[in-house]
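Please have the sequence and the structure open while reading.

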Amino acid sequence: MINFNWIIENLLVRKTEGSLTDVVITADWRCNGSQENYSGTCYGSCSFAPPTGSFTPYPDLTQEQVLGWCYANGVDKSAIEANVTAQIQNQINPPVVSLPLPWVPHVDVVVADAPTAV
């Protein structure tokens, strides 16, 4: 099972927007996924229109709230998680591999056991 971790890495704010201060205009987000020893990531930015209606002061914002804004403004959570899942699946079962050249004879290498002291 893949564990996903969504984080907001950075916020850009407009110092004043009408009568409001420190208005978030862009959020940089990242989705990390991991399964055992495999991992994948996807990141991006999401821009927001000036707020209308309720306004949360900058110090009161939570990561969950800003992620919700991202999902509501075009960040497709399911598609991003599918992308991270594909990255991990391609590590587990690589779709492209390098095989030995068919015209080069295969040589078995035999390693002898090291002698033991008596």
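## Cysteines

The sulfur of C42 lies 7.1 Å from the closest cysteine sulfur, that of C31, which is too far for a bond, a disulfide being defined as a pair of cysteine sulfur atoms within 2.5 Å. C70 is likewise in no disulfide, the nearest cysteine sulfur, in C46, being 4.5 Å away. By this rule the count of disulfides is zero.

With a relative accessibility of 15%, C42 counts as buried, and C70, at 1%, counts as buried too; here buried stands for under 20% relative accessible area, exposed for over 50%, and partly exposed for values in between, with a 1.4 Å probe and protein chains only.

## Basis of the model

The model is predicted, and local features need a pLDDT of at least 70, while side-chain atom pairs count only at pLDDT 80 or more and totals for chains, interfaces and linings use all residues. Residues are numbered from 1 along each chain as its sequence is written, and side-chain values use heavy atoms, with hydrogens and water left out.

## The largest pocket

The largest pocket has a volume of about 250 Å³, where a volume is the space filled by probe spheres set on grid points that are joined across faces, edges and corners. A pocket is an open set of points, on a 1 Å grid over the protein atoms alone, where a 1.4 Å probe fits, with protein on both sides within 12 Å along at least five of seven lines; its lining residues have an atom within 4 Å of a point.

The lining consists of 14 residues, of which V24, A49, P51, S54 and W69 lie nearest the centre of the pocket. Strand β2 and helix α1 (63-72) each supply at least two of the lining residues, helices being DSSP runs of H or I with at least four residues and strands runs of E with at least two, numbered from the N terminus. By class, the lining has nine nonpolar, five polar and no charged residues, where Ala, Val, Leu, Ile, Met, Phe, Trp, Tyr, Cys and Pro count as nonpolar, Asp, Glu, Lys and Arg as charged, and the others, Gly among them, as polar.

## Positive phi angles

D22, although not a glycine, has a positive phi of about 50 degrees; D22 lies in strand β2 (residues 20-35) and, at 23% relative accessibility, counts as partly exposed. E36, also a residue other than glycine, has a positive phi near 50 degrees, and sits in the loop between β2 and β3 (38-47), where E36 is exposed with a relative accessible area of 74%.
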